[in-house]
Amino acid sequence: NQYISALLATDDGIYAGTEKGVFLLRFDTDRFERLPLDIHSTVSSLSLDKEGNLWMSTAEQGVWRYAFPHQESFRYDFPSTNGFVAQVYVDNANQVWAVTNWATNPVNRLNRLHDKFEPVSFKHEKPYNSLCMMQTLDGRQWLGTWEQGLMLIHNDGQLEQMLTPNIANHIHTLFERADNTILIGCDDGLISFNPTNRL
């Protein structure tokens with residue numbers, strides 16, 4: 001079963017996350033090779049940091065880091081979610097985040113000094129379980145929630161609802177286009193949102 005659950009394009013090739021680990025399609029050889037990782041659950045997302053580390057979130061096995069060129073790997077456990085992590089994401093400042101839909105605190109930030117993920121508490125009166133997070137080119141952080149729509153994360157930790165769940169419910173993915181609009185993939189389909197005029 002080679003169902004592809006995540007993709008990441010780089011200068012060297014395309015990484016494909018599956019239910020049986022991560023594969024790299026190398027552009028120079030036009031062949032797939034499997035990364036030497038003991039991943040045996042669905043890879044939900046892939047991200048690359050500025051040091052060249054590949055980050056992988058999984059269903060049931062938490063988050064993995066794979067370091068090139070020494071092929072060193074490390075797994076970060078998420079016992080409070082039984083290892084279910086929806087997304088691992090690297091922002092513009094090279095900060096690594098992990099987002100889950102199965103925890104009291106859905107957003108976790110990597111403490112690089114202690115090399116562990118720590119929960120981040122945002123200010124909002126309702127639960128904001130989430131599957132995705134994104135930073136736009138202007139530096140603003142966005143959270144795609146399961147039942148609270150699209151949220152803007154302010155620097156003081158306050159969450160501002162930018163789209164209500166009756167417009168964008170169960171958000172699965174976020175993507176910024178060249179014209180600075182945000183594409184929102186959710187149960188209601190694909191939505192284009194302009195953060196400037198909120199349309």
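Predicted model: local features only at pLDDT ≥ 70, side-chain atom pairs only at ≥ 80, totals over all residues.
Okay, one term before we start: a residue is called buried when its relative accessible area is under 20%, exposed when that value is over 50%, and partly exposed in between. Keep that in mind for Trp55, which comes in at 1% and so is buried.

What does the secondary structure come to? We have 19 strands and zero helices in the protein chain. As for overall dimensions, the C-alpha atoms fill a box of roughly 45 × 35 × 30 Å along the principal axes.

How much of the chain is buried? Of the 199 residues, 49% count that way. If you look at contacts with a separation of 6 or more, 33% of them are between residues 24 or more positions apart.

The accessible surface is about 10,500 Å², and carbon and sulfur atoms hold 49% of it. On charges, I get 15 positive side chains and 24 negative ones, with the centres of the two sets 2 Å apart.

How many aromatic pairs does a search of the whole structure find? Ten. One of them is Trp55 with Phe117, an edge-to-face pair with 6.1 Å centre to centre and 90° between the planes. Where do the two partners sit? Trp55 is in strand β6, residues 54-58, while Phe117 is in strand β12, residues 116-120, so this pair ties together parts that are 62 residues apart in sequence. Phe117 has 13% relative accessibility, so it counts as buried, and Trp55, as I said, is buried too.

A second pair to look at is Tyr66 and Phe68. Their ring centres are 4.8 Å apart and the planes are at 90°, which means this pair is edge-to-face. Are these two buried or partly exposed? Tyr66 is buried, with a relative accessible area of 1%, whereas Phe68 is partly exposed, at 31%.

Last stop, back at our tryptophan. Ring pairs link Trp55 and Phe117 into a cluster with Phe74, Tyr76 and Phe78.

Technical notes. Residues numbered from 1 in each chain as written. Heavy atoms only, no water. Helix = DSSP H or I, 4+ residues; strand = E, 2+ residues; numbered from the N terminus. Buried < 20%, exposed > 50% of the residue type's maximum accessible area, 1.4 Å probe, protein only. Contact = heavy atoms within 4.5 Å. Areas by Shrake-Rupley, 256 points an atom, 1.4 Å probe, with all protein chains shown as cover. Lys, Arg positive; Asp, Glu negative; His and termini not counted. Charge placed at Lys NZ, Arg CZ, Asp CG, Glu CD. Phe/Tyr/Trp six-rings, centres within 6.5 Å; stacked < 30°, edge-to-face > 60°.
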